[in-house]
Amino acid sequence: MSRRRIGFWYRLAAVIAKPPLIVLFKRDWRGMEHIPADEGFITAVNHNSYLDPLSYAHFQYNTGRVPRFLAKAALFKPAFVGTMLRGTGQIPVFRETTDAANAFRAAVAAIESGECVAFYPEGTLTRDPELWPMVSKTGVARVALLTKAPVIPVAQWGANEAMPPYAKEKKFRFFPRKTLRVLAGPPVDLDAFYGLEPTAETLRAVTETIMRSVTELLAELRGEPAPDGLYDPRKAREGK
C-alpha cells in the first residue's frame, strides 16, 4: 500500500507556515506514537479556532504523515490559496449540492491508497460556550465504516487563546506567547459497528463514539472534566 509523499507543495507550505508558528507559539505535542506509520487512516479533530488547521497540520507534518483535509470549496477560489490547496491534495467539499458526495468518494480513495484524511466532524467552529466539541456531522462515520481504517482522535487547545472563535474584534492575541497543545489518542474502537447497515442511527452512534474520544482527550489537555454529552446548537436555539 502506497502513501502520499510529502512532495513539493506540502514542503513549500511548511516553509511558509512553520517559521511564524515556531516563533509565535510554544508547543505541547503528545501522542505522535498513535499516528500510523504506513497504512491509510482517518483523524478526527475538534475545532475551536480558525488557527486550528495550521496548529494540527504542523503537529502531523512532523510525524512524517501529511493530512489531507476536507475543506470548503470556496477556499479553493483564490488563485494562490487554491493552487496550494490543490497541490497539497486537499479535498474540496461542495456543501449542500449534488457534488457533496464526491468529497467522501475522494476521501475513501485516499485512505485506500494509504493516505491520511483529516476530518473536523463538527463541520465548523464549535458553538459550545465553553468550547467543548459539539454534536457533529456523520461524514467521518460513513468513511470510517466504508474503509474500516483506523480512526485516530485528536484534541487541540491553545489556538483559541490566540484567535478566539466568534470574537467581536478579529484581532490576534499572540502575547503573552501561547502554547499550541495537540494530543492524539489510540484508534477508536469501532468493531461493534462494522457489518451493520449504515443507517442514520448507526452513523450517529459511530460519530458520537468518535467525538467522545476526542472530548476525553480535550479534557486531558484542559485539565478539567468534560461535560456530560455533546453540545447541540439546535436544541440550544430551541431552548431545550
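## Basis of the description

Helices (H or I, at least four residues) and strands (E, at least two) are DSSP runs, numbered from the N terminus. The model is a predicted one, in which local features need pLDDT of at least 70 and side-chain atom pairs count only at pLDDT 80 or more, whereas totals for chains, interfaces and linings use all residues. Residues are numbered from 1 along each chain as its sequence is written, and side-chain values use heavy atoms, with hydrogens and water left out.

## Overall fold

The secondary structure of the protein consists of eight helices and seven strands. With a radius of gyration of 17 Å, close to the 18 Å that the globule rule gives for 240 residues, the protein is as compact as a globular protein of that length; the radius is taken over C-alpha atoms, and the rule is 2.2 Å times the number of residues to the power 0.38. The C-alpha trace spans about 50 × 45 × 35 Å along its principal axes.

Of the 240 residues, 50% count as buried, where buried means under 20% relative accessible area, exposed over 50% and partly exposed in between, with a 1.4 Å probe and protein chains only. Among contacts (heavy atoms within 4.5 Å) between residues at least 6 apart in sequence, 76% join residues at least 24 apart.

## Helix α1 and its two partners

Helix α1 (residues 7–24) packs against helix α3 (residues 79–87) at an angle of about 125°, with the axes 8 Å apart; axes are lines fitted to C-alpha atoms, for helices over the stretch in contact, and angles run from 0 to 180 degrees between N-to-C directions. The two helices α1 and α3 are therefore oblique to each other, given that angles under 35 degrees count as roughly parallel, over 145 as roughly antiparallel, 65 to 115 as roughly perpendicular and the rest as oblique. Trp 9, Leu 12, Ala 13 and Ile 16 of α1 make the contact with Phe 80, Thr 83, Met 84 and Gly 87 of α3. These residues divide into six nonpolar, two polar and no charged, where Ala, Val, Leu, Ile, Met, Phe, Trp, Tyr, Cys and Pro count as nonpolar, Asp, Glu, Lys and Arg as charged, and the others, Gly among them, as polar.

Helix α1 also packs with helix α2 (residues 52–61), at an angle of about 115° and with the axes 11 Å apart, which makes α1 roughly perpendicular to α2. On the α1 side, Tyr 10, Arg 11, Ala 14, Ala 17, Lys 18, Leu 21 and Ile 22 meet Leu 54, His 58 and Tyr 61 of α2, and this contact has seven nonpolar, one polar and two charged residues.

## Helices α5 and α7

The axes of helix α5 (residues 139–147) and helix α7 (residues 200–222) come within 8 Å and cross at roughly 100°, so that α5 is roughly perpendicular to α7. Val 140, Ala 141, Arg 142 and Leu 145 of α5 make the contact with Thr 202, Leu 203, Val 206, Thr 207 and Ile 210 of α7.

## Backbone features in loops

Most residues other than glycine have a negative phi, and most peptide bonds are trans. Lys 148, in the loop between α5 and β6 (151–157), has a positive phi near 55°. Leu 131, in the loop between β5 (116–119) and α5, has a positive phi of about 70° although it is not a glycine, and Leu 131 is buried, with a relative accessible area of 16%. A cis peptide bond, with omega about 0°, joins Phe 175 and Pro 176.
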